[in-house]
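Trainee: I have a model open and would like to learn how to read it. Can we go through it feature by feature?
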Amino acid sequence: DNPQSLSDNTVRSIYEDTEGNLWIGTYGGGLNKFDRKEEKFTRYQNRAENHQSLSHNTVLSIYEDSCGNLWIGTYGGGLNKFDRKEEKFIRYQNQVDNPQSLSHNAVYSIYEDHGGNLWIGTYAGGLNILDRKEEKFIHYHHQVDNPQSLSHNHVWSIYSDTMGNLWIGTEGGLNKFDRIDKKFTCYQNHPDVPQSLSHNHVWSIYEDSEGYLWIGTDVGLNKFDRANEKFIRYQHQPDNPQSLSDNTVRSIYED
């Protein structure tokens, strides 16, 4: 009975913008903006009769770019750009007859690299880069006969490190993208190689202040030794109470 409470109890994404506003994406309840002083929520939800409302009420990803634009990735409604002044949403969605549209309407990850390029990771549609001037999308897909293509079309995470390398976490391992040659180097699990990636389902990627790259998977946490291209694994050990508490690592953050 309180429209200023959180719109749904399943929270899929949280993002703090440069103005200190806290944005919360929910599963089925749309997008929420939290007023910390009043402890109230403003809801942004899909309205069938309003094409400038949020495109879908399941919000998987939230990201603010360097221009202050807020981007919202949904499950089934594509990508939204939020006009804060007008409080309107601009929708970017897959159009079957348009090969330059968004490749898939389930958007799991959004990331702006150091060059200002906006990358979008989708479920089943691979990786997209948005040409903002033309408002067109360039697609990168998995190609069965090309080992230098994206390793899988389910893209869960995107990260640009301090050296400018773009890393892509997929259902089929970790990918490093060569922007000049437009090719991917894939790092995957090999059961007989203990220094390989612990699992091919890569949920999260993070570079710490010392330059180490950390990878969260469905079977533990990995620290990547880039010089030797080897992975150090941190996993749950039932007989060790000081080991990682669970092997599914969805998020990594250094305070």
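Mentor: Start with a hairpin. E15 and E16 form one, with 4 residues between them. In that turn, Lys 182 has a positive phi of about 60°. Keep in mind that this is a predicted model.

Trainee: How do E15 and strand E16 (residues 183-187) pair, and over how many bridges?
Mentor: They pair in the antiparallel sense, over 5 bridges. For a landmark, find Phe 177, which stands opposite Phe 184 in E16.

Trainee: Which strand forms a hairpin with E15 through 2 residues?
Mentor: That is E14. Strand E14 (residues 166-170) and strand E15 (residues 173-178) are antiparallel and share 5 bridges. Here Leu 166 stands opposite Phe 177 in E15.

Trainee: Next, strand E19. How many of its 6 residues are buried?
Mentor: The count is 5, so read E19 as mostly covered, with buried meaning under 20% relative accessible area. Now look at the partners of E19. Strand E18 (residues 213-217) pairs with E19 in the antiparallel sense over 5 bridges. The two form a hairpin with 2 residues between them. E19 also pairs with strand E20 (residues 230-234), again antiparallel and over 5 bridges. That hairpin has 4 residues between its strands, and Glu 229 in the turn has a positive phi of about 55°.

Trainee: Is Asn 222 buried or exposed?
Mentor: Asn 222 is in strand E19 (residues 220-225). Its relative accessible area is 0%, so Asn 222 is buried. Next, check what its side chain meets. It makes a polar contact with the side chain of Ser 198, at 2.8 Å. Beyond four places in sequence, Asn 222 touches residues including Ser 196, Leu 213, Thr 217, Phe 231 and Arg 233.

Trainee: Let us turn to a sheet. In what order do the strands of the open sheet of 4 run?
Mentor: The order is E9-E10-E11-E12, with antiparallel pairing. Look for the edges. Strand E9 (107-112) and strand E12 (136-140) each have a single partner strand, so one side of each is left without a neighbour in the sheet. Neighbouring strands are turned by 25° against each other on average, direction ignored. E9 is joined to strand E10 (residues 118-122) by 5 bridges. There, Ile 110 stands opposite Ile 120 in E10.

Trainee: Where is Gly 125, and what does it touch?
Mentor: Gly 125 is in the loop between E10 and strand E11 (127-131). Its relative accessibility is 3%, so Gly 125 counts as buried. Not counting residues up to four places away in sequence, Gly 125 touches Ser 103, His 104, His 141 and Asn 153.

Trainee: Last, aromatic rings. What describes a pair of them?
Mentor: The distance of the centres and the angle of the planes. The count here comes to 29 aromatic pairs. Take Tyr 92 and Phe 137: the ring centres are 6.0 Å apart and the planes stand at 80°, so the pair is edge-to-face. The pair links distant parts of the chain, with Tyr 92 in strand E8 (residues 88-92) and Phe 137 in strand E12, 45 residues apart. Tyr 92 is buried, at 6% relative accessible area. Phe 137 counts as buried as well, at 6%.

Trainee: Which residues do ring pairs link into a cluster?
Mentor: Tyr 15, Tyr 63, Tyr 111, Tyr 159, Tyr 206 and Tyr 253.

How values were computed
Residues numbered from 1 in each chain as written. Predicted model: local features only at pLDDT ≥ 70, side-chain atom pairs only at ≥ 80, totals over all residues. Heavy atoms only, no water. Buried < 20%, exposed > 50% of the residue type's maximum accessible area, 1.4 Å probe, protein only. Polar contact = N/O pair within 3.5 Å; in protein donor to acceptor, adjacent residues only side chain to side chain. Contact = heavy atoms within 4.5 Å. Pairing = 2+ DSSP bridges. Axes fitted to C-alpha atoms, helices over the stretch in contact; angles between N-to-C directions. Phe/Tyr/Trp six-rings, centres within 6.5 Å; stacked < 30°, edge-to-face > 60°.
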